Amino acid sequence: MKILMLCDFYHESLEYQEQLCAKFYTRRGHAVTVGVSSRPKPFGVRLITGFKLLAMQTWLLLWPKKLTIDYSFDVIPVARSLGEPAAMAGAILVLALIVFGLARMRRWPALAWGILVFVGCAAFTSNILVPIGTFFGERLLYLPSAGACVAGAALIEPLLRPRRA
């Protein structure tokens, strides 16, 4: 018999109970799989996964072709190393957007602020700065998309200015 344990222990010291319960069922011949555990991930894993989620958020803003209502357990696997392509792309994207936004602050302030608002808000919604309790969802893109809209408007605005004759 296979058993999936969905563990929602809210304190790290209760990890012992999770292990004890798994050992109990394993000794009785059951195949035990420990599922969702709400213990906070180590900062490195959270940071790397956050980069991956930020890349995914950016892609969904640029090309929202495949949207879903449910990103439940293990739909988006946790990134374990920065060598994973999505995590590496997210880290490069974050670094590039921050550098570009800061470099354009004086010459193109609307674009710079739009980019920095996007990255700043997306850093919260992708669990980079603090764990927010939700792994991923399109609803978390509302505020970061405001920054993306400001940046997009700043890019389009020079094209809409009347040309001097």
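Visitor: What share of the contacts with a separation of 6 or more comes from residues 24 or more positions apart?

Guide: Contact means heavy atoms within 4.5 Å. In this protein, residues 24 or more positions apart account for 68% of the contacts with a separation of 6 or more. Keep in mind that this is a predicted model: local features need pLDDT of at least 70, side-chain atom pairs count only at pLDDT 80 or more, and totals for chains, interfaces and linings use all residues. Residues are numbered from 1 along each chain as its sequence is written, and side-chain values use heavy atoms, leaving out hydrogens and water.

Visitor: What is the mean pLDDT of the protein?

Guide: pLDDT is the predictor's confidence in each residue, from 0 to 100. Its mean here is 81, and 81% of the residues reach 70 or more. Over residues 8-12 the pLDDT is below 50, yet this stretch has ten contacts in the model beyond near neighbours in sequence.

Visitor: Which pattern do the elements follow along the sequence?

Guide: Helices (H or I, at least four residues) and strands (E, at least two) are DSSP runs, numbered from the N terminus. There are five helices and two strands. The order is β-α-β-α-α-α-α.

Visitor: At what angle do helix 2 and helix 3 pack?

Guide: Two packed helices are described by the angle between their axes and the distance between the axes. Axes are lines fitted to C-alpha atoms, for helices over the stretch in contact; angles run from 0 to 180 degrees between N-to-C directions. Helix 2 and helix 3 pack at about 75°, with axes 7 Å apart. That makes them roughly perpendicular (angles of 65 to 115 degrees). Helix 2 brings Ile48, Phe51 and Leu54, among others, and helix 3 brings residues including Ala86, Gly90 and Val94.

Visitor: Is Ile69 buried or exposed?

Guide: Buried means under 20% relative accessible area, exposed over 50%, partly exposed in between (1.4 Å probe, protein chains only). Ile69 has a relative accessible area of 86%, so Ile69 is exposed. Ile69 sits in the loop between helix 2 (43-62) and helix 3 (85-103). Its C-alpha is 7.6 Å from that of Gly137, 68 residues apart along the chain. Of the 165 residues of the protein, 32% count as buried.

Visitor: How many disulfides does the count come to?

Guide: A disulfide is a pair of cysteine sulfur atoms within 2.5 Å. The count is zero. Cys121 counts as buried, at 17% relative accessibility. Cys149 is exposed, at 54%.

Conventions
Angles under 35 degrees count as roughly parallel, over 145 as roughly antiparallel, 65 to 115 as roughly perpendicular and the rest as oblique.
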